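Q: I am new to this structure and would like to learn how to read it. Could we go through it one feature at a time?

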Amino acid sequence: MILMAALPNFEEGQYTYRPPRFNGQYYGWCKTRMHDFIMAEDSELLDVICDGTFVPMKTIGKPAVTVTKTRKDYNDVERKAIEKIFRAKKILVCCIGPDEYNRISACQYAKEI
C-alpha cells in the first residue's frame, strides 16, 4: 500500500487574515508564505522572532543591581514591545498542528519556537 503525502492547499481564495498552516511538509513553501504573512501583519514581528525577546529591566540599590521589571512598572513603550512578543508567538502557534504544537508547547518566546 502506498501512502500519498497530503498536498498543500493551493485553492483559490485562501484566507488572508489567518496564518498559513504548516502540516510538516513543504517547509520551504510554507516558510515563504509565513514570512510574507508576518511582514504584512507588522514588520517588527519578524525582528522579534529572529532577534529574540525584550525583557524590561531596571536598576536598583547601591551598589547598582539590574533586575527584571514587574508588569506594573512597565511604561507604554515596554508594554507595546511585550505585546509584539506575544503577537509573534500567537501567529507561530496558530500556524501549526497538534503534532508540532506538542514539540514547542514549553517554549516561552517566539525565537524558541
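**Reading the fold**

A: Begin with the elements: the protein has 4 helices and 2 strands. The model is a predicted one.

Q: In what order do the elements run from the N terminus on?

A: The order is α-α-β-β-α-α.

Q: How much of the protein is buried?

A: Of its 113 residues, 27% are buried, a residue counting as such under 20% relative accessible area. The protein exposes about 8700 Å², and carbon and sulfur atoms supply 56% of that area.

Q: Which residues have the most contacts inside the largest nonpolar core?

A: The general idea is that nonpolar side chains tend to be buried together in soluble globular proteins. Here the largest nonpolar core has 18 residues, and I38, I49, A88 and I91 have the most contacts inside it. Two or more residues of this core come from each of α1, α2 (43-51) and α3. The largest share, 5 residues, is given by α3.

Q: What does I38 touch?

A: Leaving aside residues up to four places away in sequence, I38 touches S43, L45, L46, I49, I91 and L92.

Q: At what angle do helix α1 and helix α3 pack?

A: For a pair of helices, look at the angle, the axes and the residues that meet. Helix α1 (residues 27-41) and helix α3 (residues 76-94) pack at about 145 degrees, and their axes are 12 Å apart. The crossing of α1 with α3 is right-handed. From α1, M34, F37, I38 and E41 meet R87, I91 and L92 of α3. The residues of this contact are 5 nonpolar, no polar and 2 charged.

How values were computed: Residues numbered from 1 in each chain as written. Predicted model: local features only at pLDDT ≥ 70, side-chain atom pairs only at ≥ 80, totals over all residues. Heavy atoms only, no water. Buried < 20%, exposed > 50% of the residue type's maximum accessible area, 1.4 Å probe, protein only. Areas by Shrake-Rupley, 256 points an atom, 1.4 Å probe, with all protein chains shown as cover. Axes fitted to C-alpha atoms, helices over the stretch in contact; angles between N-to-C directions. Left-handed = near helix turned anticlockwise from the far one by under 90°. Contact = heavy atoms within 4.5 Å. Nonpolar A, V, L, I, M, F, W, Y, C, P; charged D, E, K, R; others polar. Core = buried A, V, L, I, M, F, W, Y, C linked by side-chain atoms within 4.5 Å.
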